[in-house]
Amino acid sequence: MGFELRDHTADVAVSATGDSLEATFAAVADGLAAASCDEIPAGVGERFSLSVTAENREALLFDYLDELVYLRDVRAELPVGNRVESIETTGSDDGPGHGDEPVEWRLEASARGVPLAEIDAREVKAVTYSEMRLERTGDGEWEAYVVFDV
Amino acid sequence: MTTFDANGITLERVREYVWEIPREGDMRVPARVLASEALLEEIEDDKTLEQIKNTTHLPGITNYAICMPDGHQGYGFPVGGVGALDAENGCISPGAVGYDINCGVRMMRTNLTYDEVQGHEEELVDSLFANIPSGLGGGGIVEAGVDTIDEILARGVDWALENGHAVEDDLLHCEDEGMREGADPDKVSQKAKDRGKNQIGSLGSGNHFLEVQRVTDVFDSAVGDAYGLAEDQIVVLIHCGSRGLGHQTCNDYLRKIEQQHKGLLDQLPDKELAAAPAGSQLAEDYYGAMNAAINFAWVNRQLIMHRTRQVFERVFDRSWEEMEMELLYDVAHNIAKKETHAVNDEGDERELYVHRKGATRAFPAGHPEVPKAYRDVGQPVIIPGSMGAGSYVLRGGENSMDLTFGSTAHGAGRLMSRTQAKNEFWGGDVQQDLEDQQAIYVKAQSGATIAEEAPGVYKDVDEVVRVSDELGIGDKVARTFPVCNIKG
C-alpha cells in the first residue's frame, strides 16, 4: 500500500495502491508531492482542507490532483501528508445513478501545506488523463496509475 | 520496400528520413515519422509511435500526423507531434497543444564576444540567478492585479512596451509582433488567472532555463548576417512558457470538452486527445483562451529578457543599447494556430488548426507570415540543446510547407526518464563536471533539476538538426555553446 514513482520519458508517473478508494487517492497525492520534492520536512506547515466534486470516479481523481496543483500555486505551499477523509457518490458504486438525477462524486480531503520558500521543490505542471488507470484489485483494494506533466 | 520494425509497429520508408505507418483500423490518415534509423531506434520501445498513431484518429486530420526528428513519448499527442486539423470540419484539441501553452524559446543577440565575458561567468550566473525568478514559488518580475492580467492576456508584448519592459523593436522580432489576435481574457478562468498573477516573468522549473551562449559556428554566412550572428558572439537563450496560467487553461478545457463532447471523445483511443469540434462554442472559447495564454507567455519571456539586459548592464557596466542586446526571434513550440495550407498536389487550400506540440513553426523565405526583417531568408528557428551541448539556430526550409505544414523540431528530445536520471546522476557532480571540463557555469534552485536535466538524458541534438537540415524543413544557420545556465 502506498505509491511508487515510475519511469516515464518526459514526465513522471505515479503508481499507487490502497485498501480503500480514499487511501488510494491520498497515496497518488503523496506521489505528486514526492515527484515535486525529494526531502519533505516533517512538522512544517499547517493543515488545510479541500473538497472536490466531479461526475465520475476517474474525473474525481483528476480534479482532486488538479486542485492540489492549483492550491500549491496560489497558497505557495506544497500539499503533503495527504488524507482523503471521504469519497461519496449520489449514484451506485459502479455506475450512473438511478433515475434522471446526474451522478455526483464528492471528496473531502486535507493536506499539510509546506511553504515553498522552505523547500527545494520542482514544478509539476499538471495532472494528465494519459494512461490513467483506477481499478479495483481485490476486496476493497484499489490501484491507480497517473502520469503528470513536468 | 525498406521497412523498420519497431516492436510491433512497422514503418515503411517513403524516402530518406521519411517513414510512414500505413492506415489501419480507425486511423483516418497515415502517420509519418521524420527520422534517421538512429533516431528511430531511440523511440522504438516507448509509446511515441503508438501516440502518433492515436493522433490520426482525430476528426479532420489532414494528410498525415507527423512526428518530428526529436519526437518522444508524451501524453496523448507525442512531444514533437504536428497535426493539422481542418478548421471547418475538424476539431481543436487542448491536449494536442499541451499544458504549457506557448512554451517557447527566444534568442537575444549581443555585440559582446566570448573573450569579454570570460572571467565574469560566476558573477554573471550569480546575478542572473538572483534577479530572474525561477523554480517553484519564486514569484515573478511583476505582480499583477486583475486588470493587469486581463491587459496582458489581451495585448501581449504591447502591454510590456507601454509599461517599460520592452522597446518597439522587440515587437517587430516576435511572431505576430508579440500579440495574438483573437485572444479573449474572459475565456481564461479565474483559477488560471490566480495562478498566473504572481508568476509573470518567471522561468519555472523542469527543462526551462536561461542560458548565456557563445556562437561557435556559422554554417550559412548570408543567413547568419541577416540574423546578426557571427562566430564568438555572445547570445542569450530563454526557454519557458505560460506557467500556471497556461497549465490551468489546458486542464479547464480538457475537462469541459470531456463533459460536453463525449461522443467525439468515445471515438478516440486516448482521453488526453479530447477535442472540441470546429465551430462549437467550446472550440471558439478554447481558441480565445489559448491565444490569451500565448500572449501571457510572450510577456513572460519578454520580462525575463528585459531583466537580463539590466543584469548585463550591471555586470559589464555598459548600457544594454551599447551592447546591442536585441531580440533575434521568439518561437512558440506548444501551440495551435489557424493557418492556410495547400493540402494536395493541385494546390487546393484549406484553413487548418495546425497543432504543434514540441514542434516549431519553420516558414521558408518569402512566406508572408515571416516578419519583414527575415522574409528574404526565412523564419529563424531556435533549437535548444541540453546544458552540456550546443543549441542551434536554423531557418525555415523550403520543403517545410510540403512535408510538415511548415514545421520542424523543437529541441534535442529526452531519452531517459527523470527518475532514472536521478539514479544515474548527482546534481552536484554534473554541475562540477560542466564547470571543470567545459567551462559551463550552472546554477539551479534544486540539485535534482540539474540531475534530471543532465546532458546524458537527451538525444543527440546534432543528429536531430542534421535530419531537419537534410530534409530541408529547417536549415542549419549557426550553432551555439553554453557559457552559463540558470534553471529552476
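B:Asp100 sits in the loop that runs between strand S7 (91–92) and strand S8 (104–113) of chain B; helices (H or I, at least four residues) and strands (E, at least two) are DSSP runs, numbered from the N terminus. The model is a predicted one, in which local features need pLDDT of at least 70, side-chain atom pairs count only at pLDDT 80 or more, and totals for chains, interfaces and linings use all residues. Residues are numbered from 1 along each chain as its sequence is written, while chains are lettered from A and ligands numbered from 1 in the order in which they are written.

B:Asp100 is buried, with 27 other C-beta atoms within 10 Å. Here a residue is called buried if 20 or more other C-beta atoms lie within 10 Å of its own, exposed if 12 or fewer, and partly exposed in between, with C-beta atoms placed from the backbone. Not counting residues up to four places away in sequence, B:Asp100 touches A:Lys125 from chain A, along with B:Gly241, B:Ser242, B:Gly246, B:His247 and B:Asn334. Contact means that the C-beta atoms of two residues, placed from the backbone, lie within 7 Å.

An unreviewed UniProt entry puts the feature "binding site" at B:Asp100 and B:His208; UniProt positions follow the numbering used here, feature names are shortened, and annotations may be inferred rather than shown by experiment. The two are spread over 109 residues of sequence, yet they cluster in space, with a largest C-alpha distance of 11.1 Å. B:His208 belongs to the loop between helix H8 (190–196) and strand S9 (209–218) of chain B, and B:His208 is buried too, having 25 other C-beta atoms within 10 Å. Setting aside residues up to four places away in sequence, B:His208 touches B:Leu203, B:His239, B:Cys240, B:Lys487 and B:Gly488.

The unreviewed UniProt entry also gives an "active site" annotation, which covers B:His410. This histidine, B:His410, is in the loop between strand S18 (407–408) and helix H14 (418–424) of chain B. B:His410 is buried, with 30 other C-beta atoms within 10 Å. Beyond its neighbours within four places in sequence, B:His410 has contacts that include B:Asp70, B:Gly80 and B:His333.

Next come two helices of chain B. The axes of H10 (residues 243–260) and H12 (residues 281–316) of chain B come within 9 Å and cross at roughly 170°; axes are lines fitted to C-alpha atoms, for helices over the stretch in contact, and angles run from 0 to 180 degrees between N-to-C directions. H10(B) and H12(B) are therefore roughly antiparallel to each other, a label for angles over 145 degrees. Among the residues that meet are B:Gly246 and B:Tyr253 in H10(B), and B:Tyr286 and B:Phe296 in H12(B). The residues of this contact divide into 10 nonpolar, four polar and two charged, where Ala, Val, Leu, Ile, Met, Phe, Trp, Tyr, Cys and Pro count as nonpolar, Asp, Glu, Lys and Arg as charged, and the others, Gly among them, as polar.

As for how the chains meet, 28 residues of chain A are in contact with 36 residues of chain B. H2(A) gives the most to the side of chain A that touches chain B, with four residues. By class, that side has 13 nonpolar, four polar and 11 charged residues.

Definitions and conventions
Angles under 35 degrees count as roughly parallel, over 145 as roughly antiparallel, 65 to 115 as roughly perpendicular and the rest as oblique.
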